[in-house]
Amino acid sequence: MASMLSEFGSTLKAIGKMALLSRVCAVPKAGNGKPLIILANGPSLNTTIKESIGFIRSIDALTVNFAPLSEEFRRMRPAYHVLADPHFFSETDDSGLGKLWASLRKVDWPMKLLVPGAMRTKACRLLGESGVEVVPFNDVGIEGFDAVCRIAFDLRLAMPRPRNVLVPSLMAAIWMGYDTVYVAGADHSWMRTLAVDDNNEVVAIQEHFYKESGQEQQRVSHEYKGYRLHQIVESMAIAFRSYHRIENYARVKGVAIYNVTPGSYIDAFERRRLPEYATK
């Protein structure tokens with residue numbers, strides 16, 4: 001009974017959030033019959049790119065966050081890039097953000113930039129006259145009864161709680177009509193890097209496949225100082241739970257999601273290696 005009441009409460013909250021925050025967002029269908037590979041920014045991505053760059057370039061690729069600052073970004077020529085954190089659209093003097101948008105403005109191949117609907121105007125302004133197409137999505141995170149959530153997902157009004165950019169990336173892949181999705185660079189091994197120092201402050205090292213700027217490292221460290229360990233662990237749990245909800249939804253939609261990240265902590269998706277010819 002308590003569980004049912006909790007689900008009912010979550011469902012009411014979800015309906016309220018969608019009524020207040022969701023916008024009409026029609027993520028376009030890909031319709032090209034190719035698989036999609038989502039390239040998260042974990043350190044293992046370096047190995048995947050080295051071994052399988054030919055395969056990555058032969059299918060559609062989706063990158064996230066600061067990937068455009070890496071040399072590999074222009075080699076991979078992704079069809080999509082996802083920015084979800086409001087920080088990427090903030091009006092600050094962050095040199096890393098300036099370089100990110102400068103790199104996106106230089107994209108000279110067909111690419112769609114997927115952003116939360118509330119950030120569409122800012123993204124268009126930051127891109128200027130770039131040929132990159134801005135595509136909005138609803139990043140309203142919900143939980144509740146499965147039937148209600150599935151209807152919301154089908155209508156593109158919401159998604160599982162997006163505590164990590166991989167959540168909107170996966171939902172976008174499903175919405176765009178891909179029936180095979182590979183997930184690379186999704187190490188998610190954050191728990192190995194967590195510690196608490198003698199001042200009772202949480203210390204976390206988030207490794208990426210690219211070299212991160214000192215300014216960005218300082219920003220992340222500063223953000224962590226405002227949280228207790230149990231809050232950070234709870235946030236991680238939400239992310240991992242969202243992946244299971246996505247896997248369940250993908251199965252209903254006939255979409256196969258394969259985790260090709262060696263050593264990944266994500267336990268929601270079937271593990272596979274990339275096709276053999278990818279490494280030739």
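Here are some exercises with worked solutions on a predicted model.

**Exercise 1. Which parts of the chain does the salt bridge between Arg-77 and Asp-108 tie together, and how exposed are the two residues?**

Step 1. Start with the distance: the side chains of Arg-77 and Asp-108 meet with N and O 3.9 Å apart, and the cut-off for a salt bridge is within 4 Å.

Step 2. Now place the partners. Arg-77 lies in the loop between α3 (72–76) and β3 (80–82), and Asp-108 lies in the loop between α4 (95–105) and β4 (112–116), so the bridge ties together parts that are 31 residues apart in sequence.

Step 3. Turn to accessibility. Arg-77 has a relative accessibility of 38% and counts as partly exposed, whereas Asp-108, at 61%, counts as exposed.

Step 4. For context, the count of salt bridges comes to eight.

**Exercise 2. Describe the salt bridge of Arg-161 with Glu-143, and then that of Arg-272 with Glu-270.**

Step 1. Between Arg-161 and Glu-143, the N to O distance is 3.7 Å.

Step 2. This pair links distant parts of the chain: Arg-161 sits in the loop between β7 (159–160) and α7 (166–175), and Glu-143 in the loop between β6 (141–142) and α6 (146–154), 18 residues apart.

Step 3. Both partners are partly exposed, with a relative accessible area of 25% for Arg-161 and 21% for Glu-143.

Step 4. Arg-272 and Glu-270 form a salt bridge whose closest N and O atoms are 3.1 Å apart. Arg-272 is partly exposed at 42%, and Glu-270 is partly exposed at 43%.

Step 5. Finally, look for shared partners: salt bridges join Glu-143, Arg-161 and Arg-241 into one network.

**Exercise 3. Where on α4 do its buried residues lie?**

Step 1. List them: Gly-96, Leu-97, Leu-100, Trp-101, Ser-103 and Leu-104 are the buried residues of α4.

**Exercise 4. In what order do the strands of the open sheet run, and which strands stand at the edges?**

Step 1. The open sheet has eight strands, in the order β5-β4-β3-β2-β1-β8-β11-β12, and the pairing is parallel.

Step 2. Read off the ends. β5 (133–137) and β12 (270–271) each have a single partner strand, so one side of each is left without a neighbour in the sheet.

Step 3. Zoom in on one pair: β3 and β4 are joined in the parallel sense over three bridges. Here Val-82 has Leu-114 of β4 as its bridge partner.

**Exercise 5. How are α7 and α9 oriented to each other, and which residues make the contact?**

Step 1. The axes of α7 and α9 (residues 229–253) come within 11 Å and cross at roughly 5°.

Step 2. Angles under 35 degrees count as roughly parallel, and therefore α7 and α9 are roughly parallel to each other.

Step 3. On the α7 side, the contact is made by Leu-166, Val-167, Leu-170, Met-171, Ile-174 and Trp-175. On the α9 side, Ser-242, Tyr-243, Ile-246, Tyr-249, Ala-250 and Lys-253 take part.

**Exercise 6. Where is Pro-262, and what is it in contact with beyond its sequence neighbours?**

Step 1. Pro-262 is found in the loop between β11 (256–259) and β12.

Step 2. Leaving aside neighbours within four places in sequence, Pro-262 is in contact with Ser-44 and Asp-187.

Step 3. Compare with Arg-272: the C-alpha atoms of Pro-262 and Arg-272 are 9.2 Å apart in space, and the residues are 10 apart in sequence.

Methods:
Residues numbered from 1 in each chain as written. Predicted model: local features only at pLDDT ≥ 70, side-chain atom pairs only at ≥ 80, totals over all residues. Heavy atoms only, no water. Helix = DSSP H or I, 4+ residues; strand = E, 2+ residues; numbered from the N terminus. Buried < 20%, exposed > 50% of the residue type's maximum accessible area, 1.4 Å probe, protein only. Pairing = 2+ DSSP bridges. Axes fitted to C-alpha atoms, helices over the stretch in contact; angles between N-to-C directions. Parallel < 35°, antiparallel > 145°, perpendicular 65-115°, else oblique. Contact = heavy atoms within 4.5 Å.
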